[in-house]
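Me: Can you walk me through this structure? I'd like to start with the overall picture and then go into details.

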Amino acid sequence: MSLTHLADAALLHALQALVFQNEGATARIVAHIAEVDRRRLYAAAGYSSLFAFCLGELRLTEDAACNHIDAARKSRACPGLLSALADGRIHLASIRLLAPHLTAETADEMIALATHRSRRELEILLAARFPKVEALRLDEGIAALGSFVAPETVSAPGRIPQAHPLSAPGRIPPAPPQRIEPLSAQRYSIQVTVSKATHDKIRQAQALLRHANPSGDLAIVLDHMADAFLLQKQKRKQAATQRPQAKLRSSNSPRHVSARVRRAVWERDAGRCTFVGDTGHRCGACEFLEFDHVTPVARGGSPSVEGMRLRCRTHNQLEAERVFGRAFMEARRVGKLGATEFKDPRAAPT
């Protein structure tokens with residue numbers, strides 16, 4: 001990798017050629033990711049989402065994965081993005097900034113706006129064209145005394161109040177700003193924008209905990225709220241309890257999964273998706289989990305501990321498509337088949 005032998009002109013020429021090749025390679029990678037997404041090949045590989053696939057299989061960083069996925073999904077509606085990316089007019093970070101405003105109709109205009117712009121330059125141009133709401137940090141909002149003031153009405157001295165950007169007809173609301181940043185091995189900083197209703201609930205919890213938390217420390221309040229929430233959800237989702245009932249409730253429905261079975265399956269599967277991909281990778285997702293019949297109910301499956309497993313929504317759907325066919329499941333998902341019509345399409349007619 002030593003380049004000391006290259007003359008100045010040769011070094012600069014080689015560098016420019018490598019950058020050009022890299023831009024073309026990036027565009028091709030994005031195109032491939034878009035096709036993997038369209039075919040949902042990440043599911044068969046044992047991943048619950050395209051994002052997890054990019055992290056685990058392609059070894060991209062989280063930021064790089066987000067940039068590539070945004071570009072891939074937008075390129076399906078705006079093919080001109082790939083050409084602009086390949087010839088270096090725009091970069092992945094630009095596409096991610098443009099993503100909320102990109103449609104097939106606005107693609108040419110947005111690409112022209114971003115052409116040969118740095119990230120900082122593009123942020124300024126987009127802020128001027130699509131002004132954002134200024135929001136207080138969570139700790140500032142909770143600590144503020146007096147009545148709650150809507151974020152869009154807060155203005156610093158000398159600032160001209162801006163109209164709420166969501167008031168324009170047809171404007172799609174942007175995702176609320178969120179940030180979780182590790183400060184040390186055991187401490188995290190959380191910044192999030194909340195509604196007035198959530199603000200009021202946190203203030204009420206803060207007041208109720210004053211006897212045990214005289215300072216009103218928000219970290220302690222949120223920890224108590226999280227404990228209460230988890231206790232409620234674990235009881236509902238996985239039938240968690242310290243005193244299981246000796247007498248079990250019976251049901252004639254083959255789809256009913258008893259509390260005893262849910263507890264046993266959740267503990268056995270460690271609260272994670274058990275799907276194993278073609279390459280041996282276990283999904284292990286802990287989000288959007290569902291209790292899935294090993295043998296579908298339509299084929300005589302039973303809701304026993306041995307007959308149930310945990311699957312994330314992606315792999316629950318994938319298994320159904322493998323058994324009943326993708327076209328059949330797509331038709332059912334869009335409502336063309338009612339719940340009473342759901343039976344094995346390959347079964348013999350009765």
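Predicted model: local features only at pLDDT ≥ 70, side-chain atom pairs only at ≥ 80, totals over all residues.

Me: What does the secondary structure come to?

Reply: The chain has 14 helices and four strands.

Me: And how much accessible surface does the chain have?

Reply: About 23300 Å². Carbon and sulfur atoms hold 56% of that.

Me: Switching to helix packing. At what angle do H10 and H11 pack?

Reply: About 100°, with the axes 10 Å apart. H10 covers residues 196–208 and H11 covers residues 218–237. Angles of 65 to 115 degrees count as roughly perpendicular, so that is the word for H10 and H11.

Me: Which residues make that contact?

Reply: From H10, Ile-202, Ala-205 and Gln-206. From H11, Leu-218, Val-221, Leu-222 and Met-225.

Me: How do the residues of the contact of H10 with H11 divide: nonpolar, polar, charged?

Reply: Six are nonpolar and one is polar. None is charged.

Me: New topic. How many salt bridges does the structure hold?

Reply: It holds 19 salt bridges. One of them is in H10, where Asp-200 pairs with Lys-196. Their closest N and O atoms are 2.8 Å apart.

Me: Is Asp-200 buried, partly exposed or exposed?

Reply: Asp-200 is partly exposed, at 33% relative accessibility. Lys-196 is partly exposed too, at 44%.

Me: What about the bridge between Arg-120 and Glu-123?

Reply: Its N to O distance is 3.8 Å. Both residues lie in helix H8, three residues apart. Arg-120 is exposed, with a relative accessible area of 57%. Glu-123 is partly exposed, at 30%.

Me: Where do Glu-290 and Arg-313 lie?

Reply: Their side chains form a salt bridge, 3.3 Å from N to O. Glu-290 is in strand S3 and Arg-313 is in helix H13, so the pair ties together parts 23 residues apart in sequence.

Me: Which residues do salt bridges with shared partners join into one network?

Reply: Arg-40, Glu-321, Arg-326 and Glu-330.

Me: Last one, Ala-52. Where is its place?

Reply: Ala-52 is in helix H3, which spans residues 50–56. Leaving out residues up to four places away in sequence, Ala-52 touches Tyr-47 and Glu-57.

Me: And why does Ala-52 count as partly exposed?

Reply: Because its relative accessibility is 24%. Buried would need under 20%, and exposed over 50%.

Note on methods: Residues numbered from 1 in each chain as written. Heavy atoms only, no water. Axes fitted to C-alpha atoms, helices over the stretch in contact; angles between N-to-C directions. Helix = DSSP H or I, 4+ residues; strand = E, 2+ residues; numbered from the N terminus. Parallel < 35°, antiparallel > 145°, perpendicular 65-115°, else oblique. Contact = heavy atoms within 4.5 Å. Nonpolar A, V, L, I, M, F, W, Y, C, P; charged D, E, K, R; others polar. Areas by Shrake-Rupley, 256 points an atom, 1.4 Å probe, with all protein chains shown as cover. Buried < 20%, exposed > 50% of the residue type's maximum accessible area, 1.4 Å probe, protein only. Salt bridge = Lys/Arg side-chain N within 4 Å of Asp/Glu carboxyl O.
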